[in-house]
Amino acid sequence: MTVNWIGLWTMVRREIQRLWRVPIQAVVAPLISALLFIFIFGFVVGGRIASIGGYRYLEFVLPGVVMMNVVSASFLQATSQIYFQRFQKSIEEILVSPLSYVEMIGGAVSIVILRSVVTALGILVIGTIFGAVHMHSLPEFLFWVIMVSMIFGFLGIIVALWAKTFEQLNVLMVFFIQPLSMVGGVFNTVGMLPPWLRWLAYGNPLFYFINGLRHAMIGFSEGPMAFGAIFTVALAAVLGAIVWRLYAIGWGLRE
Amino acid sequence: MTPALEISHLRKVYRSGTVAVEDVSLTIQPGDFFGFLGPNGAGKSTTIHCVTGISNPTSGSIRIFGVDAVADYREARKLVGLSPQEFNVDPFASARNIVDWMGGYFGIPAKERHKRVDMLIERFELVPHAKKPFRELSGGLKRRVILARAMVNNPKLLVLDEPTAGVDVELRMDLWRYLQELNRDGTTILLTSHYLEEIERLCRTIAIVAKGRIVRNGPKEEFFTEPGGLERAYLSATGKTADHAQVAAR
């Protein structure tokens with residue numbers, strides 16, 4: 001069966017047009033938030049903190065700030081895209097079309113990745129202004145941004161299919177993703193934590209994402225890189241399979 | 001000849017336990033103009049939703065020009081165009097984009113799609129409104145957009161669920177003419193409507209559904225050989241004759 005590229009591209013351009021209607025929410029807000037993080041934690045507070053692994057504190061923090069925003073942009077994009085389409089019933093336009101389930105999911109996740117990459121690049125531009133951007137390995141950088149976008153895109157789709165109210169869209173973000181981001185090593189090394197708290201980092205998936213991106217940007221790592229990469233790919237594959245199954249049975253999509 | 005639509009023992013039970021379709025079987029021949037009549041909640045829209053992929057059938061089979069609508073859903077969807085009863089669109093999108101996007105989902109290349117969209121926008125007299133957001137259009141204009149969207153893939157089977165609900169007489173007459181033209185050119189049409197006049201005028205075959213089952217099904221002429229015509233047959237088939245007579249007596 002051939003891929004319906006025109007259908008996939010239509011899904012992407014349609015969503016770009018929707019995002020174009022809310023540029024402040026989609027693009028400007030994460031950049032302002034990143035700017036504040038960089039300024040306060042990196043520039044103001046970081047000025048009083050000794051270098052980490054030979055890097056200024058701002059350079060150490062920046063990959064974590066990028067990853068936090070990638071996580072948040074991908075999750076919000078997936079939930080808002082799918083939930084709004086369900087809410088308006090415009091998802092039926094896709095259900096009655098000859099797109100396969102893989103194409104429906106592929107179209108939705110492509111936009112998630114696009115928005116995350118744009119957000120990440122925007123933060124890098126801000127970081128450049130503060131002289132804090134390094135790129136140890138661009139392929140590694142793209143690997144982490146794309147894989148993490150996929151993971152949170154899939155999670156966002158699952159939540160959007162499950163949610164019955166707008167309130168429920170935020171449950172996972174508020175109670176799990178944001179707290180895990182904060183304790184996942186954005187602002188500190190694992191070595192800065194007391195030994196009895198280090199499990200919070202090593203047992204936290206977000207730690208491996210942040211650690212991976214930090215290695216891609218400044219070459220600094222505190223965890224097993226190969227394990228982190230395999231775990232990330234496996235998690236994306238498992239979540240992708242779950243989403244495919246949900247589309248196939250029509251859970252949250254079809255009556 | 002392979003039927004345009006063949007529904008066999010369709011049953012649909014919602015998660016809430018509501019049985020929307022009990023047991024529907026019907027066959028529509030290619031080129032037919034098929035009227036699907038029934039009171040609110042009889043199962044007409046649910047049947048259509050199962051045919052077009054909006055709902056999952058609980059059991060039974062649906063074949064569109066011989067293609068299984070569940071097992072081979074991609075091929076089946078290519079053959080169908082749907083104008084649903086409810087407006088299932090992004091209300092902030094323009095009329096033109098709504099039609100164009102649907103053409104895109106069907107994989108129609110840009111050049112051919114733009115030509116087709118232009119033709120439909122013109123055909124439904126939407127040119128002055130093409131760039132307006134859907135939510136700013138009147139009820140009748142919204143209905144035209146939905147009809148144009150249903151036809152963008154040039155479907156072999158056109159499914160119209162209450163297409164003239166809420167539209168003015170002029171558009172209704174114009175739409176009837178257009179549907180007759182399409183049907184003459186070979187498009188098979190499945191039409192649900194509450195307007196008996198519409199069904200009488202357009203359809204060659206009529207099925208009446210009540211409580212999730214087909215209670216009458218046959219060529220239009222069968223309904224008109226009976227005293228009282230289609231109206232009487234409809235009321236009788238849906239069990240409304242007694243109530244109707246009581247109201248008339250008062």
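Modeller: Start with one definition. A helix axis is a line fitted to C-alpha atoms over the stretch in contact, and angles between axes run from 0 to 180 degrees, taken between N-to-C directions. Keep in mind that this model is predicted.

Biologist: At what angle do α5 and α11 of chain A pack?

Modeller: Two packed helices are described by the angle between their axes and the distance between the axes. Here, α5 (residues 101-129) and α11 (residues 225-249) of chain A pack at about 125°. Their axes are 9 Å apart. Angles over 145 degrees count as roughly antiparallel, and 65 to 115 as roughly perpendicular. The crossing of α5(A) past α11(A) is right-handed.

Biologist: Which residues of α5(A) and α11(A) meet?

Modeller: From α5(A) come Tyr101(A), Val102(A), Met104(A) and Ile105(A). They meet Val243(A), Trp244(A), Tyr247(A) and Ala248(A) of α11(A). By class, that contact has eight nonpolar residues, with no polar and no charged ones.

Biologist: Where does a second pair, α2(A) and α3(A), stand by angle?

Modeller: Use the angle again. Helix α2 (residues 23-45) and helix α3 (residues 57-88) of chain A cross at roughly 155°, and their axes come within 10 Å. That makes α2(A) and α3(A) roughly antiparallel, because the angle is over 145 degrees. This crossing is right-handed. Among the residues in contact are Phe37(A), Ile38(A) and Phe41(A) of α2(A), with Leu58(A), Val61(A) and Leu62(A) of α3(A). The contact of α2(A) with α3(A) has twelve nonpolar, three polar and no charged residues.

Biologist: How many residues of chain A are in contact with chain B?

Modeller: On chain A there are 22, and they touch 26 residues of chain B. Two elements of chain A give two or more residues to this side: α1 (5-20) and α4 (91-95). The chain A side divides into seven nonpolar, eight polar and seven charged residues.

Biologist: On to strands. Which residues lie on each side of β9(B)?

Modeller: In a regular strand the side chains alternate between the two faces of the sheet. Strand β9 (residues 205-210) of chain B has Thr205(B), Ala207(B) and Val209(B) on one side. Ile206(B), Ile208(B) and Ala210(B) are on the other. Both faces are covered. Six of the six residues of β9(B) are buried.

Biologist: In what sense does β9(B) pair with β10(B)?

Modeller: Strand β9(B) and β10 (residues 213-219) of chain B pair in the antiparallel sense, over six bridges. Pro219(B) is the bridge partner of Thr205(B) in β10(B). The hairpin has two residues between its strands, and Lys211(B) takes a positive phi near 50° there. With β3 (residues 33-37) of chain B, β9(B) pairs in the parallel sense over four bridges. There, Thr205(B) is the bridge partner of Phe34(B).

Biologist: Which residue takes a positive phi in the hairpin of β4(B) and β5(B)?

Modeller: Phe65(B), with phi near 45°. Strands β4(B) and β5 (residues 67-68) of chain B pair antiparallel over two bridges. Arg63(B) stands opposite Asp68(B). Strand β4 (residues 59-64) is also joined antiparallel to β1 (residues 5-13) of chain B by five bridges.

Terms used:
Residues numbered from 1 in each chain as written. Chains lettered and ligands numbered in written order. Predicted model: local features only at pLDDT ≥ 70, side-chain atom pairs only at ≥ 80, totals over all residues. Parallel < 35°, antiparallel > 145°, perpendicular 65-115°, else oblique. Left-handed = near helix turned anticlockwise from the far one by under 90°. Contact = placed C-beta atoms within 7 Å. Nonpolar A, V, L, I, M, F, W, Y, C, P; charged D, E, K, R; others polar. Buried ≥ 20, exposed ≤ 12 C-beta atoms within 10 Å, placed from the backbone. Pairing = 2+ DSSP bridges.
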